[in-house]
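Reader: I would like to learn how to read helices and their packing in a model. Please take me through the features one at a time.

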Amino acid sequence: MSKISIPSLMQKKQRGEKFAVVTCYDASFARLVEKAEIEVILVGDSLGMVLQGHDSTIPVTVDDMAYHTACVARGCSAPLIIADLPFASYHSTQQCLDNATQLMRAGAQMVKLEGGDWLCDDIRLLSRAGIPVCGHLGLTPQSVNVLGGYRVQGRDDDQAQRIINDAKALEAAGAAMLVLECVPRQLAKQISQTLAIPVIGIGAGAETDAQVLVLHDLLGITEKTARFVRNFAQDSSSIEHALQRYRSAVLDGSFPAAEHGFD
């Protein structure tokens, strides 16, 4: 697999070709993800739940993220590596720049931030500093206490329009990619068609430009999983085979199916 870049993913969107994203937190799994030719690795703050045993992502620190980003970067060379800026790590512009710089030095090629148009100044600053940004809208796990739990977002017209407006604002500020989590499939389709940048869905239907799943979920390791998860390890001969099946299902549009999304 040749090196994946932001321009190459933009070209995929322009050609109508989908790509796959998976979370990963260490070198051994990163090697397998690369062998399966999955285009993007997200070093997610989900590690707080699947690796550290917390009940949310909130306890995860920047040092945690930098450590796992460095581990992933040592294990692969082709996939694009995105690293999450964790909870309370971008409450000021300078804090955002300092912490994003730490993750880039650890091996990330892009950072991901959760939130709406209030992040536009940060995104402009990071972009000027040579740090590509992926936005994250819909269900934003770092705001779970404000949202009142892990709930589908954008079901009413006002909330849906707010997500659309935020998506446009993030793109205009310089975001190079966007994650939509747990939003109705029609809303995700509209946003994907409106934005020029690639849109990655999770629990957002099959009409986005890419899909992301937590590695431990798609391998059937997680005891309790969300509706949008499919266990690709079932009937697979190896972990690499499961990852290959996941990528193939994303590329041919068979995953996510209707039962994995929300109306």
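This is a predicted model: local features need pLDDT of at least 70, side-chain atom pairs count only at pLDDT 80 or more; totals for chains, interfaces and linings use all residues.

Reader: Which residues of α11 are buried?

Author: Buried means under 20% relative accessible area, exposed over 50%, and partly exposed in between (1.4 Å probe, protein chains only). An α-helix has 3.6 residues a turn, so residues three or four places apart point the same way. In α11 the buried residues are E240, A242, L243, Y246, R247, A249 and V250. Their cover includes β1 (19-23), α2 (27-35), β8 (210-213) and α10 (215-218).

Reader: How do α2 and α11 cross?

Author: Two packed helices are described by the angle between their axes and the distance between the axes. Axes are lines fitted to C-alpha atoms, for helices over the stretch in contact; angles run from 0 to 180 degrees between N-to-C directions. The α2 and α11 axes come within 9 Å and cross at roughly 50°. That makes α2 oblique to α11. The cut-offs: under 35 degrees is roughly parallel, over 145 roughly antiparallel, 65 to 115 roughly perpendicular, and the rest oblique. The α2 and α11 crossing is right-handed. Right-handed means that the near helix is turned clockwise from the far one by less than a right angle; anticlockwise is left-handed. F29, L32, V33 and K35 of α2 make the contact with I239, E240, L243 and Q244 of α11. Contact means heavy atoms within 4.5 Å.

Reader: Where is A36 found, and what is A36 in contact with?

Author: A36 sits in the loop between α2 and β2. At 6% relative accessibility, A36 counts as buried. Setting aside neighbours within four places in sequence, A36 contacts E240, L243, Q244 and R247. A36 and Q244 are 208 residues apart in sequence, yet their C-alpha atoms are 5.0 Å apart.

Reader: How do α2 and α4 pack?

Author: Their axes are 7 Å apart, at an angle of about 45°. α2 and α4 are therefore oblique to each other. The crossing is right-handed. A27, A30, R31 and E34 in α2 meet C71, V72 and G75 in α4. Helix α4 (residues 62-75) has 14 residues and reaches 20 Å, close to the 20 Å expected.

Reader: Now a loop residue. Is Q142 buried or exposed?

Author: At 8% relative accessibility, Q142 counts as buried. Q142 lies in the loop between β5 (133-138) and α7 (144-147). Its side chain makes a polar contact with the side chain of D45 at 2.8 Å. The Q142 side chain also reaches the backbone oxygen of L85 at 3.0 Å. A polar contact is a pair of N or O atoms within 3.5 Å; within protein, one must be able to donate a hydrogen and the other to accept it, and residues adjacent in sequence count only if both atoms are side-chain atoms.

Note on methods. Residues are numbered from 1 along each chain as its sequence is written. Side-chain values use heavy atoms; hydrogens and water are left out. Helices (H or I, at least four residues) and strands (E, at least two) are DSSP runs, numbered from the N terminus. The expected span of a helix is 1.5 Å times one less than its number of residues.
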